[in-house]
Amino acid sequence: MDKENIVLNLLVFAEKVGNGASQAEILQKSAELGFKKVEIRREYFRNIHQEKHVIKQLASDLGIELFYSVPDEVFVNGKLNDSLQSYLDEAKEMGVKHIKWNIGDFQPSTSLDELEKLTHTDININIENDQTQTSGTIQAIRQFMEKVEEEQLPIGYVYDLGNWRFVGENEDDAAKRLKEYVRYIHVKDVRYQADKPQAAKLDDGEIDWRTILAQLPQDVPVAIEYPTTNDLEIKQAKKLLEEWSA
């Protein structure tokens with residue numbers, strides 16, 4: 001993994017956002033922490049129509065490459081989500097290079113013809129394994145990506161390391177069965193409280209993340225994606241990934 005491919009997902013600042021910080025403020029903070037690639041989150045905007053212009057200018061001024069996490073589904077009730085084009089428009093207006101959705105209730109018989117029309121863009125479109133049984137299992141992701149491959153659509157896959165534990169599956173099995181589709185990686189560890197999985201910082205849970213990352217493509221971006229409480233935790237995560245990639 002190239003050190004330059006380390007991404008900061010702004011989920012790490014969940015506490016600051018909860019206390020009123022704007023996404024522009026934490027984008028500036030990300031730059032101060034040494035990140036040149038940052039994943040902004042749609043749910044963190046309070047007024048996206050006003051903030052998107054600020055984000056675009058700030059990212060340009062700071063030399064930051066933007067990724068865009070949109071917590072919505074590609075397919076809703078078996079049909080293409082009508083909002084996807086507007087998300088792509090937002091991404092374009094902010095100068096975003098990569099966008100991520102969840103697949104929703106896709107079935108192998110679902111047509112991708114309407115989705116194909118959205119792929120005529122210079123924005124990299126990806127889907128991610130989320131924390132639901134609908135669109136977060138190995139089978140769900142593999143069925144969708146097999147159809148994408150069959151239709152030769154330029155859609156990639158975000159392997160989320162920790163989310164497998166939330167759907168009762170194994171990150172090692174997922175890496176083996178899905179690695180050919182991986183274009184982007186999210187990392188977090190997982191520990192258990194009352195037998196329920198909880199997101200944790202790297203090396204503070206049960207996942208052997210180094211062994212898993214070694215199985216996945218080495219030339220794709222890798223994002224730190226779990227809540228933190230201070231800058232030191234973010235710096236430590238960045239250092240762990242840099243040491244692993246050395």
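User: Hello! What makes up the lining of the largest pocket, by residue class?

Analyst: Welcome! In this predicted model, the lining of the largest pocket divides into eight charged, five polar and five nonpolar residues. The lining has 18 residues, and those nearest the pocket's centre are Arg-41, Gln-131, Asn-163, Lys-188 and Glu-225. Strand 3 (65-76) and strand 5 (98-104) each supply at least two residues of that lining. The space in the pocket comes to about 240 Å³.

User: Why is helix 6 called roughly parallel to helix 8?

Analyst: The axes of helix 6 (residues 138-151) and helix 8 (residues 171-178) cross at roughly 10° and come within 11 Å. Angles under 35 degrees count as roughly parallel, so helix 6 is roughly parallel to helix 8.

User: Which residues make the contact between helix 6 and helix 8?

Analyst: Helix 6 contributes Ile-138, Ile-141 and Arg-142, while helix 8 contributes Asp-173, Ala-174, Arg-177 and Leu-178. Four of these contact residues are nonpolar, three are charged and none is polar.

User: How do you know that Lys-29 forms a salt bridge with Asp-231?

Analyst: The closest N and O atoms of Lys-29 and Asp-231 are 2.7 Å apart. A salt bridge needs a side-chain nitrogen of Lys or Arg within 4 Å of a carboxyl oxygen of Asp or Glu, so the pair of Lys-29 and Asp-231 qualifies. The whole structure has 18 salt bridges.

User: What does the pair of Lys-29 and Asp-231 tie together?

Analyst: Lys-29 lies in helix 2 (residues 23-32) and Asp-231 in helix 10 (residues 231-245), so the pair ties together parts that are 202 residues apart in sequence.

Conventions. Residues numbered from 1 in each chain as written. Predicted model: local features only at pLDDT ≥ 70, side-chain atom pairs only at ≥ 80, totals over all residues. Heavy atoms only, no water. Axes fitted to C-alpha atoms, helices over the stretch in contact; angles between N-to-C directions. Helix = DSSP H or I, 4+ residues; strand = E, 2+ residues; numbered from the N terminus. Parallel < 35°, antiparallel > 145°, perpendicular 65-115°, else oblique. Contact = heavy atoms within 4.5 Å. Nonpolar A, V, L, I, M, F, W, Y, C, P; charged D, E, K, R; others polar. 1 Å grid on protein atoms, 1.4 Å probe; cavity = no way out; pocket = protein on both sides within 12 Å on 5 of 7 lines; lining within 4 Å. Points joined across faces, edges and corners; volume = space filled by probe spheres on them.
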